[in-house]
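Subject: Structure handover

Hello,

Here is the structure I promised to pass on. Please open it first, then read my notes below.

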Amino acid sequence: MNIFSIYRDYIEATVEELAKAGKLPEGLDTSRLTAEPPRDPAHGDISTNAAMLLAKPAGMKPRDIAEMMAAALREVEGVTAVEVAGPGFINMRLGDSVWHECLKVAIGEGAAYGASEHGAGVKVNVEYVSANPTGPLHIGHARGTVFGDVLAALLDKAGYDVTREFYINDAGAQVDTLARSAHLRYCEALGRDIGKIPEGLYPGGYLKPVGEKLAELHGDKWLDAPESAWLAEIRAFTIDAMMDLIRADLAALGVHQDVFTSERKLVEDGMVEAGLKTLEDMGHIYTGVLEPPKGRKPDDWEPRPQTLFRATDFGDDVDRPLKKSDGSWTYFASDIANHLDKFRRGFAEMIDVWGADHAGYVKRMQAAVTAISAGEAALDVKICQIVRLMDKGEPVKMSKRAGTFVTLRELVDEVGLEIVRFHMLTRKNDAQMDFDLTSVTEKTRDNPIWYVQYASARCHSSRREALKYFPNHDMSLQALASTPISCLTDESELGLIRMIAGWPRLVEAAADAHEPHRIAYYLYELAALLHVFWDKGRKDSSLRIVQEDNEKLTMARLVLVQGVQTVVDSGLGIFGIEPVEEMR
């Protein structure tokens, strides 16, 4: 139940009635009409831009339209006051009974509260992680992994048909390097002294078990064989081993993706050629010479004819090469094939979650998606900035090349899945973030997940305390949903209820914007309101949740805290986190 959608429908109906009465023109476009909380709560409960939106097409002054609409909206069920502000804002106030009904609905729906058909089953592909299969995931992957996984869950909640995808970059030079590194560990497993790992190979100890397994399976047949004899087979075996490792890392973080797409298979299946043939048939590929990159001197630049994609026709800064000087495909060509494959699988909406080092790649990829789909598909790229790993305010050094990086599994084992999944979304994805191993486990309000879980624990504590005084009262969710709550009239109570009622709208808005951090912010704010209410009860006994001598008021307030618990359950469910009943 999205109370703001309900009243938006009332506002739209008011426009239609005024048009039928000849007071407004017929056929006005109301698709961009909004009904949302005003920025200042003192202005009311719901504000709409309707008058200002319709003024120009109606050929009228916004204030005149607002006054007409306000008169009609005052007659709408649940509305207690309507005011016109400024140039034509319409601010509405709703009666307590409306908010009480919202609370009852929340209780009745339980953890499913906030779910809707807003997305209308539209297919959305969310590609995230997509790490090179050259080793275990490390902390550098954590933020994008969590972001993508929670975004997918959020879109699910809002009614989209979501596919979670991992694109395996297994066709580049890096997997040949991986195979050589594994062969070295294979030689080591057979007793050969390999000395210091040569520069350019992967030195991590995670390849030792791979080498041992290769030795067990194949004996010494590749010990002194030429690279051409073993490269392909060892490469395939090691990629599979690394993907098993990556899948296990993802599972430790609570991530389970639906589709794993191999770049190598796309290449072998001719998808790169198919993608470029599609673009060529549309006239989007030509042979030309690019201007020197900015910042290079003319003598550093060797102009040569190249196969180019007309990316500038679709908003990019320059046209983009599709072949390297040796005739092989660029990464961009393979990425075009990947997104063409998605489009052919029925995804007109695609979301890619990338690291900060790929920010310069966004425009060309969006241009390519627009081109290969003839404008039918859209790609939204979410860039996740780097996470600095800290401990007690000091940086924790890590180096993948040196084999001393902090793995994702180590991070989860150190602080727990819940902390990693929640904390990674306490900043917007494109903002810098520090992850301090000490502060994320502290039990203070500065630790967001602790603060939210503490609110959950207090909700459960209230029910346990109430049972001490009213042991025979039915406190099931069904009973609470039918409990009279008209006595909840204090502003601190109504403030909590309004926050609870805003949850469905928040879910839809966050899903539309592809911004799952809004969920973390909302849960923290809801928790703060509960803690304030709890603390008020310590100072003013009349506001305590459990009233020993007033069963009716106690039960009504239990409905209120159950509403908070419902939203916490719903929100943490999106994060893949279980709420707690007690803090330990």
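Is Lys265 buried, partly exposed or exposed? Lys265 is partly exposed, because its relative accessible area is 48%. Here buried means under 20% relative accessible area, exposed means over 50%, and partly exposed lies in between (1.4 Å probe, protein chains only). Lys265 sits in helix H9, residues 263–268.

Some ground rules. This is a predicted model, in which local features need pLDDT of at least 70 and side-chain atom pairs count only at pLDDT 80 or more, while totals for chains, interfaces and linings use all residues. Residues are numbered from 1 along each chain as its sequence is written, and side-chain values use heavy atoms, with hydrogens and water left out.

**Overall picture**

The chain has 584 residues, and 51% of them count as buried. Along its principal axes, the C-alpha trace spans about 85 × 65 × 40 Å. There are 20 helices and 15 strands. Both are DSSP runs numbered from the N terminus: helices are H or I with at least four residues, strands are E with at least two.

Now the confidence. pLDDT is the predictor's confidence in each residue, from 0 to 100. The chain averages 93, and 98% of the residues score at least 70. Among the elements, strand S5 (residues 123–127) has the highest mean pLDDT, 98. Helix H16 (residues 477–481) has the lowest, 87. Where pLDDT is low, the predicted coordinates should not be read in detail.

**Salt bridges**

A salt bridge is a side-chain nitrogen of Lys or Arg within 4 Å of a carboxyl oxygen of Asp or Glu. How many salt bridges are there by this rule? The count comes to 30.

- Glu67 and Arg63 pair at 3.6 Å, N to O. They are four residues apart in helix H3 (residues 62–73), so about one helical turn separates them. Glu67 is partly exposed at 37% relative accessible area. Arg63 is also partly exposed, at 35%.
- Arg164 and Asp156 pair at 2.9 Å, N to O. Arg164 is buried, with 14% relative accessibility. Asp156 is partly exposed, with 36%.
- Asp317 and Lys363 pair at 3.2 Å, N to O. Asp317 lies in the loop between strand S9 (306–309) and strand S10 (320–321), and Lys363 lies in helix H12 (residues 362–372), so the pair ties together parts that are 46 residues apart in sequence. Asp317 is exposed at 54% relative accessibility. Lys363 is partly exposed at 41%.

There is also a network. Salt bridges with shared partners join Asp149, Asp156, Arg164 and Arg421.

**A negative patch**

Which residues form a negative surface patch? They are Asp391, Glu410, Asp413 and Glu414. Patch residues have over 30% relative accessible area and no salt bridge; like charges are joined within 9 Å, and nonpolar side chains (Val, Leu, Ile, Met, Phe, Trp, Tyr) within 5 Å. Asp and Glu count as negative, Lys and Arg as positive; His and the chain ends are not counted. The place of a charge is NZ of Lys, CZ of Arg, CG of Asp or CD of Glu. Accessible areas come from the Shrake-Rupley method with a 1.4 Å probe, and for residues only the protein chains shown count as cover.

Helix H13 (residues 408–415) gives the largest share of the patch, three residues. Glu410 is in helix H13. Glu410 is partly exposed, with a relative accessible area of 44%.

Best wishes
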